[in-house]
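Here's a quick briefing for anyone meeting this structure for the first time. Have a look around, then read on.

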Amino acid sequence: MTVRFGVLGTVEAWQDDSLLALGHTRQRLVLGALLLDADKVVATDTLVERVWGDRVPLRGRETLYGYMSRLRRALAGTETAPMREPGGYRMAVDGGAVDALRFRSLAGQARAASGADEAALLWEKAAGLWRGPAFAGADTPWFNTQRAQLEAELLSARIDLVEARLASGRHERVLTECAARAAERPLDEQVAGQFMRALYRCGRQAEALEHYARMRRRLAEELGIDPSPALRQLHHHMLTEHPELDPPAGAGTTTMASTAALTGPTGPAPTPAPVPVPGNPVDATSAAAVSDNPVAVGAVPDNPVGVIPDPTPVPAPRGPEARPVPRQLPAPPGAFVGRAHQLDALDGMLKSRDGVVNVLPVSVIGGAGGVGKTWLALRWAHERLERFPDGQLYVDLRGFDPSRSPLPASTAVRGFLDALGTDPASVPADAEAQAALYRSLLADRSMLIVLDNARHADQIRPLLPGSATCVVLVTSRNRLDGLAATHGTRWLGLDTLPDDEAREVLTRALGEDPVAAELPAVATLLRRCAGLPLALGIVAARAAARPGFPLAALAAELDDAATRLDALNTGDLSADLRAVFKTSHSALDDRSALLFALLGLTPGPDTGLEAAARLVDLPVPRTRALLRSLEAAHLVRQHTPDRYRMHDLIRLYAAEQGHALPTSAQNAALRRLTDFYLQAAHHADRLLSPLRTPIPVSGPVRDGGPSPERRPDSSPDSSLGSGEDRLPFQDATAALSWFDAEYACLLGVHHLALVRGWDSQAWQLAWALDTFQWRRGRLPDRVAVLDASLAATERLGDPGSLALAHRLLGRVHVSRGQHGKALGHLRRSLALYVAAGEVAGQAQAHLNLALAWEEQGDDEAALVHATENLRLRATLDSPPREAEALNAVGWYHARLGNHRPARDHCEKALALCRAHDFQEGAAFTLDSLGYLAHHSGQHAQALGFYHQALAKWREWGDHYQEADALNCLGKVYEALGRYAEAHGAWHQALNLYRDQNRTAAVERVTRHLRAGARSEARGGG
């Protein structure tokens, strides 16, 4: 009997079509901890650590033994079960029977696929294995790491770059996407350039020029800078209608040949519900090809042409894996009161649609902010779940978010496609095509779609299904009359609660006796809240949190704010809620109130615990207690452990409170926050790149904040009374994770430093972000941050810092193939280093100049600079840097065909790296030796070198170098005639190059793949 195991969701097991009873969550997690290591022995202590983390029970091993015994009983009668082995346990299971391993196998096949259609179908099948978050319910470091890795792999196949689509002439398809991205990133000049080109090619030259004018004004007002030379040149070309801006001829055509080939020799299998392949033209030919294609609906043919067979096939998913059933509704409101009339009205609106053919039921719940529109929608939806067996979709459209722009419809559509199980690689880049795919996926489903907080009708239309089998529920403060005109929507206006229902809100929260005992105070509370549900909820929470306090005290407090509370009857949202927030805010102690106000000034989307502690200048334990009080008052929410977020309206009120503080207090708090992020980022960078020459950072290290100099066993400042304020990372892996979590906040703080004129902090943050941005391939962000910081660095008047800034900018321009810009910055850097007499800086500038000339294909010029780098390094006492210089000289000799001096230099470099434990230098040198072996005809040896280097890049999370190593591996595999492995390596490299916006590399690898496919075809496959 076949058993399949699932970890992409809750840990489950199926025997044929039957779900096996595996016991409670922790017992399931024991099984999950074994499944990723299918048929391998996992040590007992390792299993205990995986399952419990640092919360191991007193008898951890005994508990584990009991779980194993019960799992064996649950799997009795199957061919697989946990087996006791010397030192641990082994799950005797084929990798193909575990969905996560099956997902990875399909991903490998997709990357190795010879055609885009074939790859898309394989990616679709791989993504269809997911039922929810991997290892759902698990919360230990090991499971969290595995979940993050698997989810990163799920997203690894991304859509083609907008730049690539523009280059292929598909400007009309990317226009909507460009517009949305330009709105989200108004200071990103690359995004602006893409949007302008898309507009121009669509015949909208005037709008393109208008967008440039807006961009120029915004850059001047917010950053005090002019547009970049590239953007100015693009503007000039548009004014002169330069032919360079014309789209390429004949681009953007597609074919169904590879899809038709997948039907296999036995002919098409009947399919009940064909799934269209996104990106193919919708005509009779393509429709027939898709409907006849068993892969398109999730079935794998026995011998599909051109598909590499999986060595461990498992049956096609059935039951819960066949088609995801999203359950996105937030939890129903716990204290919901009344609204019986409105609930009946919603039922009536939808019932009135019965008998009307092909008309989508759409209802809009409208009313003022805080009146309870979302609560009503969720209450109605949760009570009628049985009407929507195919699931529920939910999105907050942020139509009235005071701190963020409304969510673009294209972003919401993309989120729905993910929820419906669509493989990211199959999603077209064009927003209209995505909306069409979304409607296709809903065509035969009975689903509820809740669109919360909509701003206008245009935000909703792309989210409406095309099928009357679905129901749409919208909430908005606007009437959306345009939507009523085009789609016949029904409007349900929502008013404040009547007195009896408002009284019931307080009675349920506080109890009947306290309410009955203080009727006059309750009357005052009800009168001041004026039936607004959000106001009632906050007041009830305050009263319930202090059960010993008389309600009269709270009522008197509200009366003191009579002029503000009267605004509750005006219908003005900000005035209505400000009075309620004021009463909750006034109940806070001084420290909590100060923290609340300061949180409103922070530039990031959320705030970590350590950052909040620095913001308020208190130790972490005290800050955590203050945040608990804010949580209790419903003023902040801990959305992930030790990370706090405010509701948008509360954040607006908090910002008002923050701006009301003395300017000196605001500046001091934000300076502390900036210094925290600077010190932490600097320390994290030192862990990622310990041999990188550090720069001095601004700001004192005090109050237990992050300090690169603090020893792990040292005590914090005595004012803290605890060691908990130390940094949350002690090694490179943790530092990389910290950068990932804090990246948006770091960019926000960098922008804050620029706006406030904190030039040192702005430049030093840009430097501290450089290694992370390099490893993660965030090259556009890297350019933007360094460019924005250059003027600040110039104002500092420090030649060394300015030289370093120019060198970093030159290096990133090398990676982006912008030779002229690279040489300009690097030559300026070298001149500054020479003037300052900084020999180490001169050496590094020469090394970067070598890279620039290599990128241009001039290896002789590159060797000249590399040799000068080695000469300078030999005068300095830095063996690791000397090893780096030796490797560079060896590398360029190898590229010029001088194999003997190349080998001599590289072998000396490798010995020096290993003698001084310079792991990063060793990885680069192994890469050089791999190149040398490959070009000397020693391909097997080259594979060994490249695989060693690749393992290091992956261990360090260096996606940039990982891409290059994979590209080189593909060439070696090709030379060995191992074409499938070559294609697999190149497809992996191609995905990484695309993510990193490395256009030239994308073109090179694409040519390799095409040439390899032709060679393989000529050789008979």
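Is C913 buried or exposed? C913 is buried, at a relative accessible area of 1%; buried means under 20% relative accessible area, exposed over 50%, and partly exposed in between, using a 1.4 Å probe and protein chains only. Keep in mind that this is a predicted model, where local features need pLDDT of at least 70, side-chain atom pairs count only at pLDDT 80 or more, and totals for chains, interfaces and linings use all residues. Residues are numbered from 1 along each chain as its sequence is written, and side-chain values use heavy atoms, with hydrogens and water left out.

**The chain as a whole**

- The chain has 45 helices and 14 strands; these are DSSP runs numbered from the N terminus, with helices being H or I of at least four residues and strands being E of at least two.
- Of the 1021 residues in the chain, 53% are buried.
- Take the contacts (heavy atoms within 4.5 Å) between residues at least 6 apart in sequence: 67% of them join residues at least 24 apart.
- The chain's accessible surface is about 43,300 Å², and carbon and sulfur atoms own 52% of that; such areas come from the Shrake-Rupley method with a 1.4 Å probe, and for residues only the protein chains shown count as cover.

**Cysteines**

- There are zero disulfides here, a disulfide being a pair of cysteine sulfur atoms within 2.5 Å.
- C470 is buried, with 0% relative accessibility.

**Salt bridges**

- Side chains of opposite charge can pair when their charged atoms come close.
- The whole structure holds 30 salt bridges, each one a side-chain nitrogen of Lys or Arg within 4 Å of a carboxyl oxygen of Asp or Glu.
- One of them joins E383 to R379, with 2.5 Å between the closest N and O atoms.
- E383 and R379 sit four residues apart in helix α15 (residues 373-383), which is about one turn of the helix.
- Both ends of that pair are partly exposed: E383 has a relative accessible area of 37%, and R379 comes in at 25%.
- E383 and R379 also belong to a network of salt bridges that links them with D347 and R384.
- R776 and D740 make another salt bridge, their closest N and O atoms being 2.8 Å apart.
- R776 is in the loop between α33 (759-775) and α34 (779-796) while D740 is in helix α32 (residues 732-755), so this pair ties together parts 36 residues apart in sequence.
- R998 bridges to D964, again with the closest N and O atoms 2.8 Å apart.
- That pair links distant parts of the chain, 34 residues apart: R998 is in the loop between α44 (979-995) and α45 (999-1018), and D964 is in helix α43 (residues 959-975).
- R998 is buried at 7% relative accessible area, whereas D964 is partly exposed at 22%.

**A five-stranded sheet**

- Five strands line up as β8-β9-β10-β7-β11 in an open sheet with parallel pairing; two strands pair if DSSP finds at least two bridges between them.
- At the edges are β8 (392-396) and β11 (490-493), each pairing on one side only.
- On average, neighbouring strands of this sheet are turned by 15° against each other, direction ignored; axes are lines fitted to C-alpha atoms, for helices over the stretch in contact, and angles run from 0 to 180 degrees between N-to-C directions.
- Strand β9 (residues 448-454) runs parallel to strand β10 (residues 471-476), and five bridges join them.
- Opposite V450 stands L473 in β10.
- Helix α15 packs on this sheet, touching β7 (362-366), β8, β9, β10 and β11, and its direction makes about 160° with that of β10.
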